[in-house]
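Please keep the structure in view while reading.

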Amino acid sequence: MIVFVALGFAVSAQAQWNSGNINVRFSVPEIAIVDIEPELGYIEFSVNAPYIAGGEPVVEHVSSESVWINYTSAIRRNGNRRSINAQISEGTIPDGISFYVEASFASAFGSINQGSPVGRVQITSQPHPIITGIGSCFTGDGVGKGHELKYFLEISDFSQMKSIEDQVFTVLYTITDN
Amino acid sequence: MKVTSVLVFLLLGLLASAQQMEVRVDGAVSFDGATFAVTEAGEDFAFGVESESSLWISIDTNDYWDKKVNPNRKWWVEVVREDLTWNDDVRLEIVRTGDGYGQKNNHKVYDGTTYQYIGENSWYFFRGRGIIYDIPIQLRLSGLSVTQGAQDFETNVILTIYDD
(Lines give C-alpha, C1' and ligand atoms only; values in the text may rest on other atoms or scores of the structure.)
Protein backbone atom coordinates (compact mmCIF):
# COMPACT_ATOMS: atom_id res chain seq x y z
CA MET A 1 0.00 0.00 0.00
CA ILE A 2 2.84 2.37 0.92
CA VAL A 3 4.67 1.58 -2.32
CA PHE A 4 1.56 2.38 -4.30
CA VAL A 5 1.27 5.84 -2.68
CA ALA A 6 4.93 6.61 -3.33
CA LEU A 7 4.55 5.73 -7.00
CA GLY A 8 1.60 8.06 -7.15
CA PHE A 9 3.78 10.93 -5.96
CA ALA A 10 6.52 10.11 -8.40
CA VAL A 11 4.20 10.00 -11.38
CA SER A 12 2.42 13.20 -10.46
CA ALA A 13 5.79 14.98 -10.38
CA GLN A 14 6.03 14.66 -14.20
CA ALA A 15 3.03 16.94 -14.69
CA GLN A 16 3.90 19.75 -12.35
CA TRP A 17 3.66 23.22 -13.77
CA ASN A 18 3.41 26.86 -12.90
CA SER A 19 2.41 30.06 -14.70
CA GLY A 20 3.59 33.65 -14.98
CA ASN A 21 1.52 36.52 -16.23
CA ILE A 22 2.24 39.58 -18.39
CA ASN A 23 -0.47 42.20 -18.42
CA VAL A 24 -0.54 44.07 -21.73
CA ARG A 25 -2.52 47.27 -21.75
CA PHE A 26 -2.51 50.27 -24.05
CA SER A 27 -4.84 52.85 -25.52
CA VAL A 28 -5.28 54.14 -29.02
CA PRO A 29 -6.19 57.84 -28.70
CA GLU A 30 -8.71 59.82 -30.65
CA ILE A 31 -7.08 61.28 -33.77
CA ALA A 32 -8.26 64.10 -36.03
CA ILE A 33 -5.80 65.67 -38.45
CA VAL A 34 -6.30 67.25 -41.84
CA ASP A 35 -3.92 68.53 -44.49
CA ILE A 36 -3.95 70.10 -47.96
CA GLU A 37 -1.77 68.67 -50.74
CA PRO A 38 0.32 69.90 -52.42
CA GLU A 39 1.52 72.64 -50.16
CA LEU A 40 1.39 75.16 -52.96
CA GLY A 41 0.12 78.03 -50.86
CA TYR A 42 -1.94 79.91 -53.43
CA ILE A 43 -4.90 79.44 -55.71
CA GLU A 44 -5.11 82.35 -58.11
CA PHE A 45 -8.04 83.88 -59.96
CA SER A 46 -8.19 87.01 -62.06
CA VAL A 47 -11.23 89.10 -62.95
CA ASN A 48 -10.69 90.75 -66.31
CA ALA A 49 -12.54 93.29 -68.39
CA PRO A 50 -15.13 91.87 -70.79
CA TYR A 51 -14.05 91.05 -74.31
CA ILE A 52 -16.80 93.18 -75.76
CA ALA A 53 -18.32 96.44 -74.70
CA GLY A 54 -21.35 95.85 -72.48
CA GLY A 55 -20.32 92.28 -71.71
CA GLU A 56 -19.72 90.70 -68.29
CA PRO A 57 -16.25 90.67 -66.74
CA VAL A 58 -14.39 87.42 -67.30
CA VAL A 59 -13.33 85.31 -64.33
CA GLU A 60 -10.26 83.24 -65.02
CA HIS A 61 -8.83 80.46 -62.84
CA VAL A 62 -5.12 81.16 -63.33
CA SER A 63 -3.58 78.35 -61.31
CA SER A 64 -4.29 74.90 -62.68
CA GLU A 65 -2.87 72.59 -60.03
CA SER A 66 -5.03 69.90 -58.55
CA VAL A 67 -5.61 70.40 -54.82
CA TRP A 68 -6.46 67.53 -52.48
CA ILE A 69 -7.54 67.28 -48.86
CA ASN A 70 -6.17 64.37 -46.77
CA TYR A 71 -7.28 63.38 -43.30
CA THR A 72 -6.90 60.73 -40.61
CA SER A 73 -9.58 60.20 -38.02
CA ALA A 74 -10.05 57.81 -35.10
CA ILE A 75 -13.21 58.14 -33.06
CA ARG A 76 -14.54 56.21 -30.08
CA ARG A 77 -17.04 53.44 -30.68
CA ASN A 78 -20.48 55.09 -30.83
CA GLY A 79 -18.77 58.50 -30.95
CA ASN A 80 -20.03 61.24 -33.24
CA ARG A 81 -18.84 61.21 -36.81
CA ARG A 82 -16.84 64.19 -37.95
CA SER A 83 -17.02 66.94 -40.55
CA ILE A 84 -14.51 69.10 -42.32
CA ASN A 85 -15.50 72.74 -42.30
CA ALA A 86 -14.14 75.53 -44.48
CA GLN A 87 -14.13 79.24 -43.71
CA ILE A 88 -12.28 82.43 -44.58
CA SER A 89 -9.83 82.90 -41.73
CA GLU A 90 -7.81 85.86 -43.02
CA GLY A 91 -8.56 88.61 -45.50
CA THR A 92 -11.91 89.35 -47.07
CA ILE A 93 -13.59 88.44 -50.31
CA PRO A 94 -14.08 91.56 -52.46
CA ASP A 95 -17.59 92.99 -52.66
CA GLY A 96 -19.69 91.55 -55.46
CA ILE A 97 -17.64 88.34 -55.56
CA SER A 98 -18.69 84.93 -54.22
CA PHE A 99 -16.25 82.15 -53.55
CA TYR A 100 -17.14 78.45 -53.56
CA VAL A 101 -15.42 75.14 -52.93
CA GLU A 102 -16.54 71.67 -53.88
CA ALA A 103 -15.00 68.44 -52.62
CA SER A 104 -15.05 65.35 -54.83
CA PHE A 105 -15.94 61.88 -53.64
CA ALA A 106 -13.07 60.17 -51.84
CA SER A 107 -10.48 58.51 -54.05
CA ALA A 108 -10.29 54.73 -54.18
CA PHE A 109 -7.17 54.81 -52.06
CA GLY A 110 -7.54 54.81 -48.29
CA SER A 111 -9.87 53.00 -45.93
CA ILE A 112 -13.55 52.55 -45.29
CA ASN A 113 -15.53 55.18 -43.35
CA GLN A 114 -14.23 58.18 -45.29
CA GLY A 115 -16.59 61.14 -45.45
CA SER A 116 -19.07 62.22 -48.10
CA PRO A 117 -18.87 65.52 -49.96
CA VAL A 118 -21.63 68.05 -49.36
CA GLY A 119 -21.40 69.53 -52.86
CA ARG A 120 -20.63 73.08 -53.86
CA VAL A 121 -20.47 75.27 -50.77
CA GLN A 122 -20.10 79.05 -50.53
CA ILE A 123 -17.21 79.99 -48.30
CA THR A 124 -17.61 82.89 -45.90
CA SER A 125 -16.05 83.90 -42.60
CA GLN A 126 -18.35 81.38 -40.91
CA PRO A 127 -17.46 77.65 -41.01
CA HIS A 128 -19.44 75.56 -43.47
CA PRO A 129 -19.19 71.77 -43.75
CA ILE A 130 -17.80 70.55 -47.06
CA ILE A 131 -17.32 66.86 -46.08
CA THR A 132 -19.45 65.05 -43.50
CA GLY A 133 -19.88 61.59 -41.99
CA ILE A 134 -16.19 60.94 -41.33
CA GLY A 135 -15.66 57.87 -39.16
CA SER A 136 -12.47 56.09 -38.14
CA CYS A 137 -10.51 56.20 -41.37
CA PHE A 138 -7.51 57.37 -43.35
CA THR A 139 -7.42 58.76 -46.88
CA GLY A 140 -3.79 58.25 -47.78
CA ASP A 141 -1.25 61.06 -47.88
CA GLY A 142 -0.49 63.18 -50.91
CA VAL A 143 -1.92 64.37 -54.20
CA GLY A 144 -4.53 62.01 -55.60
CA LYS A 145 -5.51 60.79 -52.12
CA GLY A 146 -8.62 61.86 -50.25
CA HIS A 147 -10.94 64.39 -51.86
CA GLU A 148 -10.05 66.75 -54.68
CA LEU A 149 -11.04 70.35 -53.99
CA LYS A 150 -12.32 72.55 -56.77
CA TYR A 151 -12.61 76.28 -56.28
CA PHE A 152 -15.03 78.62 -58.02
CA LEU A 153 -15.08 82.38 -58.02
CA GLU A 154 -18.19 84.10 -59.38
CA ILE A 155 -19.43 87.62 -59.79
CA SER A 156 -22.54 87.66 -57.67
CA ASP A 157 -23.35 91.38 -57.77
CA PHE A 158 -21.68 93.39 -60.50
CA SER A 159 -23.00 96.68 -59.12
CA GLN A 160 -20.85 96.24 -55.98
CA MET A 161 -17.63 95.49 -57.81
CA LYS A 162 -14.74 97.95 -57.66
CA SER A 163 -11.36 98.02 -59.27
CA ILE A 164 -8.87 96.88 -56.62
CA GLU A 165 -5.31 95.67 -56.25
CA ASP A 166 -4.56 92.00 -55.62
CA GLN A 167 -6.78 90.72 -52.86
CA VAL A 168 -5.61 87.80 -50.73
CA PHE A 169 -7.74 85.70 -48.42
CA THR A 170 -7.09 82.41 -46.63
CA VAL A 171 -9.36 79.38 -46.47
CA LEU A 172 -9.04 77.41 -43.25
CA TYR A 173 -10.08 73.73 -43.11
CA THR A 174 -10.95 72.24 -39.74
CA ILE A 175 -11.96 68.68 -38.86
CA THR A 176 -14.49 68.72 -36.05
CA ASP A 177 -16.86 66.47 -34.16
CA ASN A 178 -20.41 66.92 -35.37
CA MET B 1 15.48 -4.24 4.46
CA LYS B 2 12.22 -4.33 2.63
CA VAL B 3 10.75 -1.65 4.88
CA THR B 4 13.85 0.52 4.40
CA SER B 5 13.59 0.26 0.63
CA VAL B 6 9.99 1.27 0.73
CA LEU B 7 10.77 4.24 2.95
CA VAL B 8 13.61 5.35 0.64
CA PHE B 9 11.33 5.05 -2.36
CA LEU B 10 8.65 7.02 -0.53
CA LEU B 11 11.20 9.74 0.31
CA LEU B 12 12.27 9.94 -3.33
CA GLY B 13 8.66 10.20 -4.34
CA LEU B 14 8.09 13.05 -1.92
CA LEU B 15 11.23 14.82 -3.15
CA ALA B 16 10.08 14.45 -6.70
CA SER B 17 6.68 15.84 -5.85
CA ALA B 18 8.33 18.90 -4.31
CA GLN B 19 10.25 19.73 -7.50
CA GLN B 20 8.05 22.59 -8.52
CA MET B 21 9.63 24.60 -11.32
CA GLU B 22 8.14 28.03 -11.74
CA VAL B 23 8.22 30.74 -14.34
CA ARG B 24 8.54 34.25 -12.98
CA VAL B 25 8.04 37.46 -14.96
CA ASP B 26 9.82 40.66 -14.01
CA GLY B 27 9.36 44.11 -15.50
CA ALA B 28 6.43 45.53 -17.37
CA VAL B 29 5.46 45.76 -21.00
CA SER B 30 5.31 49.25 -22.42
CA PHE B 31 4.21 50.36 -25.83
CA ASP B 32 5.30 53.91 -26.41
CA GLY B 33 2.17 56.07 -26.66
CA ALA B 34 3.77 58.22 -29.35
CA THR B 35 3.77 55.22 -31.67
CA PHE B 36 0.01 55.44 -31.89
CA ALA B 37 0.18 58.96 -33.20
CA VAL B 38 -0.06 59.76 -36.91
CA THR B 39 2.33 62.45 -38.10
CA GLU B 40 0.94 63.05 -41.58
CA ALA B 41 -2.73 63.53 -42.30
CA GLY B 42 -4.06 60.67 -44.38
CA GLU B 43 -1.70 58.04 -43.00
CA ASP B 44 -2.50 54.97 -40.93
CA PHE B 45 -0.43 53.64 -38.04
CA ALA B 46 2.96 52.11 -38.75
CA PHE B 47 2.81 48.36 -39.45
CA GLY B 48 4.33 46.98 -36.27
CA VAL B 49 5.05 48.31 -32.81
CA GLU B 50 7.65 46.72 -30.55
CA SER B 51 7.55 46.92 -26.80
CA GLU B 52 10.40 48.44 -24.91
CA SER B 53 12.87 45.80 -23.73
CA SER B 54 12.00 45.64 -20.08
CA LEU B 55 10.59 42.14 -19.67
CA TRP B 56 12.46 39.16 -18.31
CA ILE B 57 11.48 35.58 -17.54
CA SER B 58 13.19 33.52 -14.88
CA ILE B 59 12.89 29.75 -14.57
CA ASP B 60 13.42 28.87 -10.95
CA THR B 61 12.41 26.61 -8.10
CA ASN B 62 11.85 27.45 -4.49
CA ASP B 63 12.75 23.93 -3.47
CA TYR B 64 16.18 23.61 -1.87
CA TRP B 65 16.49 19.90 -2.67
CA ASP B 66 15.55 20.47 -6.25
CA LYS B 67 18.38 22.96 -6.69
CA LYS B 68 20.85 20.55 -5.07
CA VAL B 69 19.70 17.17 -6.36
CA ASN B 70 18.23 17.92 -9.75
CA PRO B 71 19.78 21.08 -11.28
CA ASN B 72 19.50 19.81 -14.86
CA ARG B 73 15.79 19.42 -14.94
CA LYS B 74 14.36 19.88 -18.44
CA TRP B 75 11.30 22.00 -19.05
CA TRP B 76 9.38 23.82 -21.74
CA VAL B 77 7.30 26.99 -21.73
CA GLU B 78 4.00 27.54 -23.49
CA VAL B 79 2.31 30.87 -24.10
CA VAL B 80 -1.35 31.84 -24.45
CA ARG B 81 -3.41 35.02 -24.53
CA GLU B 82 -6.41 35.64 -22.27
CA ASP B 83 -8.21 38.73 -23.50
CA LEU B 84 -9.98 41.28 -21.39
CA THR B 85 -10.53 43.90 -24.11
CA TRP B 86 -9.10 43.10 -27.50
CA ASN B 87 -9.68 43.27 -31.25
CA ASP B 88 -9.06 40.11 -33.25
CA ASP B 89 -7.41 42.11 -36.05
CA VAL B 90 -4.61 43.09 -33.68
CA ARG B 91 -1.79 40.54 -33.53
CA LEU B 92 0.39 40.18 -30.46
CA GLU B 93 3.70 38.34 -30.90
CA ILE B 94 6.47 37.33 -28.56
CA VAL B 95 10.17 36.62 -28.97
CA ARG B 96 13.07 35.58 -26.76
CA THR B 97 15.94 38.03 -27.32
CA GLY B 98 18.57 36.47 -25.07
CA ASP B 99 19.57 33.42 -23.02
CA GLY B 100 19.57 34.83 -19.50
CA TYR B 101 22.07 33.45 -17.03
CA GLY B 102 22.33 30.60 -14.54
CA GLN B 103 24.26 30.00 -11.35
CA LYS B 104 25.96 27.00 -12.88
CA ASN B 105 27.07 26.31 -16.43
CA ASN B 106 24.58 23.52 -16.89
CA HIS B 107 21.67 25.69 -17.97
CA LYS B 108 20.54 25.73 -21.60
CA VAL B 109 17.75 27.42 -23.49
CA TYR B 110 16.50 26.66 -27.01
CA ASP B 111 13.98 28.05 -29.53
CA GLY B 112 11.70 31.06 -29.28
CA THR B 113 14.14 33.42 -31.05
CA THR B 114 11.78 34.45 -33.84
CA TYR B 115 8.54 36.31 -33.29
CA GLN B 116 5.57 34.02 -32.89
CA TYR B 117 1.87 34.77 -32.64
CA ILE B 118 0.26 34.59 -29.22
CA GLY B 119 -3.17 33.11 -29.72
CA GLU B 120 -6.02 32.06 -27.53
CA ASN B 121 -4.78 28.48 -27.60
CA SER B 122 -1.67 27.58 -25.62
CA TRP B 123 1.36 27.12 -27.88
CA TYR B 124 4.98 26.07 -27.43
CA PHE B 125 7.35 29.02 -26.94
CA PHE B 126 10.79 27.75 -25.88
CA ARG B 127 12.47 25.00 -23.86
CA GLY B 128 15.54 24.56 -21.75
CA ARG B 129 17.32 22.92 -18.86
CA GLY B 130 18.16 24.03 -15.35
CA ILE B 131 17.53 27.21 -13.47
CA ILE B 132 17.86 30.36 -15.59
CA TYR B 133 17.37 33.96 -14.62
CA ASP B 134 16.41 37.03 -16.62
CA ILE B 135 15.72 35.67 -20.08
CA PRO B 136 14.84 38.84 -21.99
CA ILE B 137 11.66 38.79 -24.03
CA GLN B 138 9.94 41.32 -26.21
CA LEU B 139 6.40 41.74 -27.47
CA ARG B 140 5.28 43.16 -30.81
CA LEU B 141 1.94 44.52 -31.92
CA SER B 142 0.76 44.57 -35.51
CA GLY B 143 -2.52 44.95 -37.32
CA LEU B 144 -3.40 48.18 -35.56
CA SER B 145 -5.30 50.66 -37.69
CA VAL B 146 -7.10 53.92 -37.12
CA THR B 147 -10.11 52.24 -38.73
CA GLN B 148 -10.53 50.25 -35.50
CA GLY B 149 -11.20 53.56 -33.77
CA ALA B 150 -9.99 54.98 -30.49
CA GLN B 151 -10.17 52.28 -27.85
CA ASP B 152 -8.49 50.60 -24.92
CA PHE B 153 -6.81 47.22 -25.23
CA GLU B 154 -5.99 44.81 -22.42
CA THR B 155 -4.94 41.19 -22.42
CA ASN B 156 -2.97 38.83 -20.21
CA VAL B 157 -0.13 36.79 -21.68
CA ILE B 158 0.15 33.58 -19.67
CA LEU B 159 3.48 31.72 -19.68
CA THR B 160 3.23 28.19 -18.35
CA ILE B 161 6.18 25.92 -17.60
CA TYR B 162 5.95 22.15 -17.98
CA ASP B 163 8.31 19.42 -16.90
CA ASP B 164 9.87 17.84 -19.92
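## Overall architecture

From the N terminus on, the elements of chain A follow the order α-β-β-β-β-β-β-β-β-β-β-β-β-β, which amounts to one helix and 13 strands; helices (H or I, at least four residues) and strands (E, at least two) are DSSP runs, numbered from the N terminus. This is a predicted model, in which local features need pLDDT of at least 70 and side-chain atom pairs count only at pLDDT 80 or more, while totals for chains, interfaces and linings use all residues. Residues are numbered from 1 along each chain as its sequence is written, chains are lettered from A and ligands numbered from 1 in the order in which they are written, and side-chain values use heavy atoms, with hydrogens and water left out.

## An open sheet

Four strands of chain A, in the order β8-β10-β6-β13, make up an open sheet with antiparallel pairing, where two strands pair if DSSP finds at least two bridges between them. Because β8 (116-117) and β13 (170-177) of chain A each have a single partner strand, they stand at the edges, and one side of each is left without a neighbour in the sheet. Strand β10 (residues 128-134) runs antiparallel to β6(A) and is joined to it by four bridges; Asn85(A) stands opposite Pro129(A) in β10(A).

## Arg82(A)

Strand β6 (residues 82-90) of chain A contains Arg82(A), which is buried at a relative accessible area of 4% (buried means under 20% relative accessible area, exposed over 50%, partly exposed in between, with a 1.4 Å probe and protein chains only). The side chain of Arg82(A) reaches the backbone oxygen of Ile31(A) at 2.7 Å, and a polar contact of 2.9 Å links the side chains of Arg82(A) and Ser73(A). A polar contact is a pair of N or O atoms within 3.5 Å; within protein, one must be able to donate a hydrogen and the other to accept it, and residues adjacent in sequence count only if both atoms are side-chain atoms.
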